[in-house]
Amino acid sequence: MDALNIENLTKTYANGVEAVKGVSISIPERSFYGLLGPNGAGKTTIIGIITDMVVKTSGRIKIFDKDIDKEFSDAKQLIGVVPQEMNFAIFEKVIDIVVQQAGYYGIAKKDAEKNAEKYLRQLGLWDKRDEQAKSLSGGMKRRLMIARALIHEPKLLILDEPTAGVDVELRRDMWSFLTRLNKSGTTIILTTHYLEEAEHLCKRIAIINKGMIIEDSSTKEIINKLDKQSYILDIASPMKKKPEMKGCNITIIDDTTIEIELDKSQNLSELMRLLDKEKITILSMRNKANRLEEMFIDLIENGKEGKEKGKRK
Amino acid sequence: MNLLVPLMTIVRKETIRIFRVWRQSFLPSVVTTTLYFIIFGNFIGSRISDMAGFKYVDFIMPGLVMLSVITTSYTNVAGGFFLSKFQRSIEEMIVSPTPNWVIIAGHAIGGMVRGLVTGILVMLVSLFFTHIKIHNIWIILIYFILTSAMFSLAGFLNGMIANSFDDIALIPNFLLTPLIYLGGVFYSITVLPEFWQHISKFNPILYMVSGFRYGFLGFSDIDVFFGFVILLVFTAVFFIINMILMKKGYGIKS
Ligand SMILES: Nc1ncnc2c1ncn2[C@@H]1O[C@H](COP(=O)(O)OP(=O)(O)O)[C@@H](O)[C@H]1O
Ligand SMILES: [Mg+2]
């Protein structure tokens, strides 16, 4: 069964902005799914529609086969959401915020308090339970919202950029928390514009840009599909003529540095032979960092081109 | 889902908020009405002749109770709901399966807690200044509770359509307060020229003040049953408008 099934979702805001333009996604139960896209892509809008914060223009959404329009109470019971922006009452105590949320899902106070202790402990907030929410640090506020989202033990947890503004160490902690949660059976959907995060956590990724899904496949496939390896080479003397080779792109950065982008299917030693023929001495060679970041930009650029080509027709 | 759980959750949350700032919640009304009692009861009360056959301070007591019930119920819900919109904590309820009517009722009951507690405090203060008897306890209770409910719901509407804290102060200051003061809190409309008596009858608050006063004094400017009907109608109308706007997500959903 799909944890989430979206068909032809569109959203045009009152000001005319078309934030979502016909998105269809199906996310199987128990998966860890990433919705990856730059700012303004429409991620928050989609989550808003799923969680009843934004009114859709058209389309259909089902949560574990429950239509959010027809069986809204059952559907909502299955979702927990961690929004992008803080949205709790800052003067309330941490424990009250979490226990109240359980109340909105019909969980009696006694059971709610049990769950609250469980999740506040797991998220390292138990010691802060009697403090006003405004006194928490940014990372703690985010974790408070995670505890709040989990309090009714939803089968589907949706997180909108959960690690934005969270420092590296805490980000790792949050990742392992989410991974454990997923292993114990909770379906997780996470939006992010950090590739590293999606690659690390998600088995499947949908890439969204300008309100459209431009890629939706397993993380591995996405990486393979676009896997170009990039190398930076320090060379002894300026390169006079670029050697020609299929699947290989050489950029001269300066007299002693060149960048090589090589398709995965191509052979590195072939390239070395060609360089040798040009009498180029390689002093050192390193992998270019942020390979995935590059891939991402690549995807977005392709999407853009595709769309513009479509327009010209 | 047992809807009593979310309902009581909202009521508890609102009550905690009210009592956390109890000075702000209850004292202003109590202080103001105490001053009225001192001035009209002790200082100048002896110089004012009876009103409709009652000692002046006794005559104004029910109106002063209504004054505090109306303003505190209204401002509590208007301010509280606007604040949760402003802080976006309203989203906590919107994403949950709690139905809209429970959200509205929970906030309204919260407003009633504050309105009624304030009203009771004012009545307790009045014991020191007035010699009033109870004519009909049921009429007192019905008017007390329904008035508070109606103005809590009106406050909810204000909170929902407000875009700023100014919008929260606007209606109480420029609409509610004049209507209350002109609604016969300090006089019986029989002292007015006939023309103004007719005009006064278009003021819904006259019916609440007069009806509530009837419960104590057995005297009213209006038909008490008609007043009860007006209260019911206004309460229902405000509830329905709130339901419609909540369904639309007015000011909350985009
Ligand atoms: N309430 C709103 N009213 C009008 N336009 C909006 C609103 N919210 C978002 N948008 C616009 O919709 C587009 C998508 O925004 P959003 O869903 O927040 O993207 P993301 O979460 O991927 O950064 C953006 O162009 C944004 O400016
Ligand atoms: Mg966003």
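Is Lys70(A) buried or exposed? I will come to that residue in a moment, after a word on conventions. What we have here is a predicted model, in which local features need pLDDT of at least 70 and side-chain atom pairs count only at pLDDT 80 or more, while totals for chains, interfaces and linings use all residues. Residues are numbered from 1 along each chain as its sequence is written, chains are lettered from A and ligands numbered from 1 in the order in which they are written, and side-chain values use heavy atoms, with hydrogens and water left out.

Now to the opening question. Lys70(A) is exposed, with a relative accessible area of 70%, where exposed stands for over 50%, buried for under 20% and partly exposed for what lies in between, computed with a 1.4 Å probe and protein chains only. Lys70(A) forms a salt bridge with Asp67(A), the closest N and O atoms being 3.8 Å apart, and a salt bridge here is a side-chain nitrogen of Lys or Arg within 4 Å of a carboxyl oxygen of Asp or Glu.

Let me turn to the ligand. Which residues are the closest to ligand 1? Of the 13 residues that surround ligand 1, the closest are Gly40(A), Gly42(A), Lys43(A), Thr44(A) and Thr45(A), a residue being counted if one of its heavy atoms lies within 4 Å of the molecule. The surrounding residues come from chains A and B, so the site is shared between chains. Helix α1 (residues 43–50) of chain A gives the largest share of this shell, three residues. By class, the shell divides into five nonpolar, seven polar and one charged, on a scheme in which Ala, Val, Leu, Ile, Met, Phe, Trp, Tyr, Cys and Pro count as nonpolar, Asp, Glu, Lys and Arg as charged, and the others, Gly among them, as polar.

As for individual atom pairs, a backbone N or O atom of Gly40(A) lies 2.7 Å from an oxygen atom of ligand 1, and for Ala41(A) the distance from a backbone N or O atom to a ligand oxygen atom is 3.1 Å. In Tyr13(A), an N or O atom of the side chain is 3.4 Å from a nitrogen atom of ligand 1. Taken alone, ligand 1 exposes 550 Å², of which the protein buries 66%.

On the surface of chain B, a nonpolar patch is formed by Phe19(B), Trp22(B), Leu27(B), Val31(B), Leu35(B), Ile39(B), Phe43(B) and Ile44(B), with about 740 Å² of accessible area together. Patches are made of residues with over 30% relative accessible area and no salt bridge, nonpolar side chains (Val, Leu, Ile, Met, Phe, Trp, Tyr) being joined within 5 Å and like charges within 9 Å, and accessible areas come from the Shrake-Rupley method with a 1.4 Å probe, where for residues only the protein chains shown count as cover. Helix α2 (residues 22–43) of chain B contributes the largest share of the patch, six residues. Leu27(B) lies in that helix α2 of chain B and, at 36% relative accessibility, counts as partly exposed.

Finally, some backbone geometry. Most residues other than glycine have a negative phi. Glu153(A), however, has a positive phi of about 50° although it is not a glycine, and Glu153(A) lies in the loop between α5 (138–150) and β7 (156–160) of chain A. Ala52(B), in the loop between α2 and α3 (56–86) of chain B, likewise has a positive phi, near 50°.

Definitions and conventions
Helix = DSSP H or I, 4+ residues; strand = E, 2+ residues; numbered from the N terminus. Polar contact = N/O pair within 3.5 Å; in protein donor to acceptor, adjacent residues only side chain to side chain.
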